[in-house]
Amino acid sequence: MQAVVTEQPKPAPAQPASFVQEVLRGVAQVDFMPNAITGILFLAALAAAGWQYALYGLLGAVVGTGTAYAFGIDREIVSAGLRGFNGTLVSLGFAVFLGWDHLSTLLLAIGGSITVVVVTSALATILGTWNIPTFTAPFCIIASVMTIAAPGFSRVWHSGPDLAALPDSATGTTALSWDQLWHAFLSNVGQIFFMPQWYVGLIFLAGIFVADRWAGAMACVGSATAIFVAWAMGSPSDGVSQGLMGYSSVLVAMALCGVFLVRSAWSFGFAVLGAAAATGLTAAMTAFFAPFGGHTFTWPFVLTTLVFVAAVPAIPRLRRT
């Protein structure tokens with residue numbers, strides 16, 4: 001006798017309307033929000049900085065989501081936007097750091113958005129053993145490799161001399177004026193997408209509040225914590241006001257109180273501690289990448305959140321979501 005083989009039903013192909021929603025969720029998932037309306041607001045924020053950035057961000061989400069479907073990745077994962085947000089960051093990062101108006105940048109953005117899906121799957125397999133998400137690590141890996149390598153390719157690098165330089169001690173005033181203070185508060189949110197403009201950060205923050213008011217509140221807590229820690233440690237005010245010290249702290253605070261950990265007074269304090277740690281790590285990572293001409297990206301968020309989330313099983317006061 002031969003065993004009866006039953007063919008497993010194939011998942012239904014994505015319909016155009018659902019694919020659009022999944023792409024928008026992919027954009028919103030940069031800030032952990034699986035909300036299509038938030039994705040629209042995020043694209044509007046990028047458009048406020050420059051239409052080309054909105055197009056590159058959208059391109060990355062489309063390519064990443066489409067690649068995930070082509071690979072047959074679990075429909076629930078794709079539908080939540082979890083294979084689109086790293087593509088958004090890769091594509092947008094290339095546009096910002098390699099120059100959006102070059103054919104090489106466009107081709108690299110497409111190729112990077114495809115490759116980052118592979119890297120995400122690899123890291124998900126490894127980190128899944130400990131039930132730890134990949135966060136934005138796939139984006140950081142792809143973007144770091146490409147931006148460090150870019151000056152070695154004349155058809156890719158269009159920004160003059162290599163940016164590699166030895167780290168230097170902090171210079172400039174540390175006192176924050178009122179204008180710098182509120183600019184920093186909003187720019188910390190905008191810099192998650194590489195945008196330093198305060199009004200862009202305001203639209204991003206509004207998008208987070210639309211999806212989840214608690215997440216919006218924690219984004220504010222993370223931003224305020226980063227400003228205080230950066231000021232207390234004597235970080236130059238120019239960098240603080242541009243959001244360069246606080247964007248990872250915004251993500252850490254959101255991640256550790258409501259996204260990956262159950263909301264509680266303990267997780268709130270844990271999130272504030274993590275946001276403070278990420279601020280210090282931002283300066284360390286900036287100094288680390290300087291000799292290579294690299295960028296900090298969201299490495300401080302990735303490393304801080306990875307360590308803090310990994311510690312949760314050993315801390316009875318905290319619980320994973």
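Predicted model: local features only at pLDDT ≥ 70, side-chain atom pairs only at ≥ 80, totals over all residues.
Contact here means that heavy atoms lie within 4.5 Å of each other.

Glutamine 29 is placed in the loop between helix H1 (16-28) and H2. Apart from neighbours within four places in sequence, glutamine 29 is in contact with Pro34, Ala80, Gly81, Leu82 and Phe85. Its relative accessibility is 9%, and glutamine 29 therefore counts as buried, since the cut-off for that class is under 20% relative accessible area.

Helix H1 also contributes to an ionic pair. A search of the whole structure finds one salt bridge. Its partners are glutamate 22 and arginine 75, whose closest N and O atoms are 3.6 Å apart. Because glutamate 22 belongs to helix H1 and arginine 75 to helix H4, the pair ties together parts that are 53 residues apart in sequence. The two partners can also be described by their accessibility. Glutamate 22 is buried, with a relative accessible area of 2%, whereas arginine 75 is partly exposed, with a relative accessible area of 29%.

With neighbours within four places in sequence left aside, serine 79 is in contact with Glu22 and Arg25. Serine 79 is partly exposed, its relative accessible area being 22%. Between the C-alpha atoms of serine 79 and leucine 127 there is a separation of 21 Å, and the two residues are 48 apart along the chain.

The next element to consider is the packing of H2 with H3. The axes of helix H2 (residues 36-49) and helix H3 (residues 51-71) come within 5 Å and cross at roughly 145°. From H2, the residues Leu43, Leu46, Ala47 and Ala49 meet Trp51, Tyr53, Ala54, Gly57 and Leu58 of H3. In this contact, eight residues are nonpolar, one is polar and none is charged.

Nonpolar residues also occur on the surface. Phe71, Leu103, Leu106, Leu107, Ile110, Ile114 and Val118 form a nonpolar patch there, and together they have about 620 Å² of accessible area. Helix H6 (residues 103-127) supplies the largest share of the patch, namely six residues. Leucine 107 is one of the residues of the patch and lies in helix H6. With 53% relative accessibility, leucine 107 counts as exposed, because the exposed class begins over 50%.

Serine 187 lies in helix H8 (residues 178-190) and, at 1% relative accessibility, counts as buried. Not counting residues up to four places away in sequence, serine 187 touches Met195, Pro196, Gln197, Trp198, Ser241, Gln242 and Gly243. Glycine 190 is likewise found in helix H8, and its 0% relative accessibility places it among buried residues. With residues up to four places away in sequence not counted, glycine 190 touches Met195, Gly201 and Phe204. Glycine 190 and leucine 244 are 54 residues apart along the chain, and their C-alpha atoms are separated by 9.9 Å.

Terms used. Residues numbered from 1 in each chain as written. Heavy atoms only, no water. Axes fitted to C-alpha atoms, helices over the stretch in contact; angles between N-to-C directions. Helix = DSSP H or I, 4+ residues; strand = E, 2+ residues; numbered from the N terminus. Nonpolar A, V, L, I, M, F, W, Y, C, P; charged D, E, K, R; others polar. Patch = residues over 30% accessible without salt bridge, like charges linked within 9 Å, V, L, I, M, F, W, Y side chains within 5 Å. Areas by Shrake-Rupley, 256 points an atom, 1.4 Å probe, with all protein chains shown as cover. Salt bridge = Lys/Arg side-chain N within 4 Å of Asp/Glu carboxyl O. Buried < 20%, exposed > 50% of the residue type's maximum accessible area, 1.4 Å probe, protein only.
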